[in-house]
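Subject: Structure for you to look at

Hello,

Here is the structure I said I would pass on. Please open it first, then read the notes below with it on screen.

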Amino acid sequence: MARRAAPPMEEILHRLRAMEERLARLEAGRAPPGDGRAAAPAPGKKPVKRCIGCGLPLRRRAGRCAECGLPLSRSRRS
Ligand SMILES: [Zn+2]
């Protein structure tokens, strides 16, 4: 019965390290280094400005929220 030669310990450690790095990367949901996706911001993570009145993504219309009509006065005229 021919025994297959076991891979050298160095090789095993190298593979183990690579696997651990890959696992950590996958758990964090990151793309591998050198991959263009790593530099791109994750979709849907962009902070969207919301209306403080209705909580919907802010769409301005004539200085007011288009949804609820809340005045969006940064420089409030008194
Ligand atoms: Zn609103």
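Lys49 sits in the loop that runs between helix H2 (36-39) and E1. This is a predicted model. Is Lys49 buried or exposed? A residue counts as exposed if 12 or fewer other C-beta atoms lie within 10 Å of its own; Lys49 has 9 other C-beta atoms within 10 Å, so it is exposed. Lys49 and Arg59 are ten residues apart along the chain, and their C-alpha atoms are separated by 9.0 Å.

Further on is Ala62, in the loop between strand E1 (60-61) and strand E2 (64-65). Ala62 is not a glycine, yet its phi is positive, about 55 degrees. Ala62 has 8 C-beta neighbours inside 10 Å, so this residue also counts as exposed.

Next, the helix H1. It covers residues 9-28, which is 20 residues. From its first C-alpha to its last, H1 reaches 29 Å, close to the 28 Å expected at 1.5 Å a residue. How many of the 20 residues of H1 are buried? The number is zero, so H1 lies largely in the open. After H1 comes Gly29, with a positive phi near 75 degrees.

Now the chain as a whole. Its secondary structure comes to two helices and two strands. From the N terminus on, these elements run α-α-β-β. Of the 78 residues in the chain, 0% are buried. What about contacts between residues at least 6 apart in sequence? Among those contacts, 0% join residues at least 24 apart.

That is what I found.

Regards

Conventions
Residues numbered from 1 in each chain as written. Predicted model: local features only at pLDDT ≥ 70, side-chain atom pairs only at ≥ 80, totals over all residues. Helix = DSSP H or I, 4+ residues; strand = E, 2+ residues; numbered from the N terminus. Expected span 1.5 Å × (residues − 1). Contact = placed C-beta atoms within 7 Å.
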